[in-house]
Amino acid sequence: MFDKSILGHMEIRSRLLERVNAGKFYGSLLFVGQDGIGKRRVALEMAQREVCFRRSACGVCEGCKLFKTDPLPKEFPNLLRIAPEGKAGLIKVDTIREDELVEGGVINWAYQAAPPNCHRWIVIEDAHRLGKASANILLKTLEEPPPDTFFLLLTHMPESVLPTIQSRSERVVFSPLRSDEIGEVALRHGWDKSELDVWIAVSNGTLKYLDRDMFARACSQIDAWVSVMEGIPFKNVSESLLPDKSSELAQSQQVTLALEQLLIVLDEQMRILKGMPAHLTQWAARLGSLTNKQINVQDGCKCALEAMRNLSRNAAPETLLRKVSLTLN
Ligand SMILES: [Zn+2]
């Protein structure tokens, strides 16, 4: 009953399946958990199971293959996927209301009859990027969806999800994946055993860095942050940290990734100070020689987290990152 190619989150997946089977699935759920830990895959699995030729999310039949297409379609027979778009990374009103995503708009789609033996699933990715205007259109339907229509809202920034949305959805909290789980996925994606330790340390319980270019960028960001801690001025390393204009990722998403890497570096610094074994082996010597410099790890973390919060208020990336770097040297 579960797609074997999806690893982890078994408890949540079993619970969701039980509830659907028992007819105890209602309204809207808010999937909360770190970015890149597979919330979307778990959401898609719900719909995949219903169009699977074996009704089991076998992962190999033509029905299941629909859910593994790259790029992933926005519309499936029983599922509609709403995601932020453009450099600003917002879920636009037109996407919800007009024909842009689906004929007649999202609400109309929600009220159409589901295909035989299926529900209608509406997955809203990065639900914290749903603006007030877009949310207002959805609120009534979110609160009382038509029978057999379910909303799954996904977010890694629950505190930035509009309170009106939060109050209308039930929270499902996802934990980071275990090292052995992400390690196994990496091996399946062609990573070599010898590369695994560093990859696992950088990935920090997520699957964000399966792509080699993404991983290389993360490593250059770790390098940049360590340099800043060593006293190198921000402007000398800013290229690795500031958003890359040629990237498909939204600016805010790119800055979040850079800040997450800083949190990983600071966590590692804390481990070294406590005499615990290093995870980021490649940088361990440099971080080790910084232990006399008395970098305020806690202030650094606080500042990075605050910068992440300010990002959702569309603050300028350079100002945010520069301010964070000042707390480090
Ligand atoms: Zn199948």
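## Helices and strands

The chain folds into 15 helices and six strands; these are DSSP runs numbered from the N terminus, with at least four residues (H or I) for a helix and at least two (E) for a strand. This is a predicted model, in which local features need pLDDT of at least 70 and side-chain atom pairs count only at pLDDT 80 or more, while totals for chains, interfaces and linings use all residues. Residues are numbered from 1 along each chain as its sequence is written.

## Overall dimensions

Along its principal axes, the C-alpha trace spans about 65 × 40 × 35 Å.

Of the 329 residues, 36% are buried. Here, buried means that 20 or more other C-beta atoms, placed from the backbone, lie within 10 Å of a residue's own; exposed means 12 or fewer, and partly exposed is in between.

## Two nonpolar cores

A nonpolar core is a set of buried Ala, Val, Leu, Ile, Met, Phe, Trp, Tyr and Cys residues joined through C-beta atoms within 7 Å. The largest one has 41 residues, and Phe31, Ile122, Val123, Ile124, Leu152 and Leu153 have the most contacts inside it. Helix H2 (39-51) is among the elements that give it two or more residues, and H2 provides the largest share, six residues.

Let's look at Phe31: beyond residues up to four places away in sequence, Phe31 touches Lys39, Ala43, Leu152, Leu153, Leu154, Val172 and Phe174. Such a contact means C-beta atoms, placed from the backbone, within 7 Å. There is also a second, separate core of 35 residues, which includes Ile222, Trp283, Leu290 and Leu320.

## A buried loop residue

Val161 sits in the loop between strand E5 (149-155) and helix H7 (163-166). Val161 is buried, with 21 other C-beta atoms within 10 Å. Leaving aside neighbours within four places in sequence, its contacts are Leu30, Ala127, His128, Thr155 and Gln166.

Helix H14 covers residues 297-311. Its buried residues are Gly300, Cys303, Ala304, Ala307, Met308 and Leu311. They lie on the same side of H14 because they cover an arc of only 140° around the axis, an arc taken from the directions from the helix axis to the C-beta atoms. These buried residues pack against helix H12 (251-273) and helix H15 (317-326). On the other side of H14, Gln298 and Arg309 are exposed.

How values were computed: The expected span of a helix is 1.5 Å times one less than its number of residues. Two residues are in contact if their C-beta atoms, placed from the backbone, lie within 7 Å.
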